[in-house]
Amino acid sequence: MSTVIKNGTVVTADLSYEADVRIEGDVIVEIGKNLFGDEVLDATGCLIMPGGIDPHTHLEMPFMGTYSADDFESGTRAGLAGGTTMVVDFCLPNPDQSLLEALKMWDNKTGKASADYSFHMAITWWGEQVFNEMAEVVDRGITSFKHFMAYKGALMVNDDEMFASFQRCAALGALPLVHAENGDVVAAMTAKLLAEGNNGPEGHAYSRPPEVEGEATNRAIMIADMAGVPLYVVHTSCEQAHEAIRRARQKGMRVYGEPLIQHLTLDESEYFNADWDHAARRVMSPPFRNKQHQDSLWAGLQAGSLSCVATDHCAFTSEQKRTGVGNFAKIPNGTGGLEDRLPVLWTAGVNTGRLTPNEFVAVTSTNIAKILNMYPRKGAVMVGADADLVVWDPKRKKTISAKSQQSVIDYNVFEGFEVTGLPRFVLSRGKVSIVENEVKAEPGHGKFVAREAKNPVNRALSQWKELVAPRKVERTGIPATGV
Ligand SMILES: NC(=O)NCCC(=O)O
Ligand SMILES: [Zn+2]
Ligand SMILES: [Zn+2]
């Protein structure tokens, strides 16, 4: 049984051209003119693009005394509805918990995923066991390790632990990730704000100014350079952090920055809303910033100094958010966006001329597939690639509303946004999972995607670091000691 997508324009990160795409089973088998198949999907007026890959989600994650509300079933369904065909979620071991044991727990959550997924492993504590188990984690196809520089007393790791872990990543050919905020400063500022009675959701934003993020980003970059490993900075939200990444890249360092669709399009004024629920629903770390920071992020995507647009989808209901009434530090941190990332980015990016359609594909799919070493299986429209495809109708419109979303939460931070550009069809490894508003996603269809370590950038950097490594000077004329 074959499926042919006909009459569309294939849009990849490199080029756009008219062609039909034929799929058999899970993969693309032919791209060309006048193709035939058993089933035909009409793409007239549409673009055929690689499905979105969201490299940053937290589905059913235990966090701040509760669990994020969307699980792998609703989360991957929401992703598919908006054109995202793969998510990379974070496995978070408890302090002192075995990484392998945590992995088993995360594996158990994925049974109803309807799109493919992979994991990043978080390094939440450090010791010989973690050092040893990192190799096993890599062997199981998880080749990226997340480090929280914030959430003091919970997930945060210190510089010595981070340096040790980064060196281990270098040795294994893995990629370290950082949540870059200075956790010590955030903790001190939080305590001061609360002591002064500043306990509303806006206090969350005051406690995490851009400097807190800029400092930590720069620190992580320098530590990664000393460890000889590339670095991926998640949820880059401000000019200070972007500047650190831009400067490092200009010096030849292998650093990637990931702005979120929320930071690109929503600003700090949300926290000053008189409605407590409205403001608290938007509490996430780092917080939303002002327009100048947003302009910096857009410029970074245009210039190539920022690489991927993600969501950090970590959705909590209004009820869950209300745990923080009277103390902003207890509001569960996180917002949703899986279903909205592509339509909002297309509307605010491509429809305004900030991004080309090819750049859109690069920052939503292809770049991260390359960074995480799963290209061209993912992130490509190519013979042999997985048929994770979105047939994108650039003229289709909708107004975003919680009432019609797939996420299980009771609100949407993009409520009322009018988007132009939506999927007509979404295919997950060949399975037609979305037909406009009709969800045909099949729970259980999603599979784990194992990734190999030592991608070309890791290998090149190791080679360079070996070449310039400190070497002992062999001397002939060594003076006698003065005995
Ligand atoms: N970002 C956020 O506020 N919540 C999810 C956890 C994290 O990525 O820091
Ligand atoms: Zn984070
Ligand atoms: Zn996150």
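A: R429 is buried, because 21 other C-beta atoms lie within 10 Å. The cut-offs for this term are as follows: a residue is buried if 20 or more other C-beta atoms lie within 10 Å of its own, exposed if 12 or fewer, and partly exposed in between, with C-beta atoms placed from the backbone. The model is predicted: local features need pLDDT of at least 70, side-chain atom pairs count only at pLDDT 80 or more, and totals for chains, interfaces and linings use all residues. Residues are numbered from 1 along each chain as its sequence is written, while chains are lettered from A and ligands numbered from 1 in the order in which they are written.

R429 is found in the loop between β18 (418-428) and β19 (431-435). Helices (H or I, at least four residues) and strands (E, at least two) are DSSP runs, numbered from the N terminus. The phi angle of R429 is near 40°, a positive value in a residue other than glycine.

H235 also has a positive phi although it is not a glycine; the value is near 30°. This residue lies in the loop between β15 (231-233) and α8 (239-250). H235 counts as buried because it has 23 C-beta neighbours inside 10 Å.

Two loops contain a cis peptide bond. One such bond runs from S285 to P286, with omega near -10°, and P286 sits in the loop between α10 (276-281) and α11 (291-303). Another joins Y375 and P376, with omega about 5°; P376 belongs to the loop between α14 (357-371) and β17 (389-399).

S285 leads on to the ligand. Ligand 1 is surrounded by H58, H179, M284, S285, D312, C314, N333 and G334; a residue is near a molecule or strand if its C-beta atom, placed from the backbone, lies within 6 Å of it. This shell divides into two nonpolar residues, five polar and one charged. In this count Ala, Val, Leu, Ile, Met, Phe, Trp, Tyr, Cys and Pro are nonpolar, Asp, Glu, Lys and Arg are charged, and the others, Gly among them, are polar.

H58, one of the residues around ligand 1, is also among the contacts of F90, which touches H58, M61, H120, A122 and K146 when residues up to four places away in sequence are not counted. Two residues are in contact if their C-beta atoms, placed from the backbone, lie within 7 Å. F90 is part of strand β11 (residues 84-91). It counts as buried because there are 22 C-beta neighbours inside 10 Å. The C-alpha atoms of F90 and V435 are separated by 29 Å, and the two residues are 345 residues apart along the chain.

K146 is the next step from F90. K146 is found in strand β13 (residues 144-148), and it is buried because 24 other C-beta atoms lie within 10 Å. Its contacts, not counting residues up to four places away in sequence, are F90, H120, A122, I123 and L177. The UniProt record, an unreviewed entry, annotates K146 as "modified residue: N6-carboxylysine". UniProt positions are given in the numbering used here, feature names are shortened, and annotations may be inferred rather than shown by experiment. UniProt also places the feature "domain: Amidohydrolase-related" (unreviewed entry) at residues 48-417. That span is 40% helix and 15% strand, and its end C-alpha atoms lie 24 Å apart.

Some helices remain. A220 is found in helix α7 (residues 210-227) and counts as buried because of its 28 C-beta neighbours inside 10 Å. Leaving aside neighbours within four places in sequence, A220 is in contact with M149, V178, A180, L231 and V233. V185, in helix α5 (residues 183-195), counts as partly exposed because it has 18 C-beta neighbours inside 10 Å.

Finally, helix α2 (residues 99-107) and helix α3 (residues 128-139) pack at an angle of about 45°, with their axes 9 Å apart. Axes are lines fitted to C-alpha atoms, for helices over the stretch in contact, and angles run from 0 to 180 degrees between N-to-C directions. α2 and α3 are therefore oblique to each other; angles under 35 degrees count as roughly parallel, over 145 as roughly antiparallel, 65 to 115 as roughly perpendicular and the rest as oblique. In this packing L99, L100 and L103 of α2 meet V130, E133, E136 and V137 of α3. The residues of this contact divide into five nonpolar, no polar and two charged.
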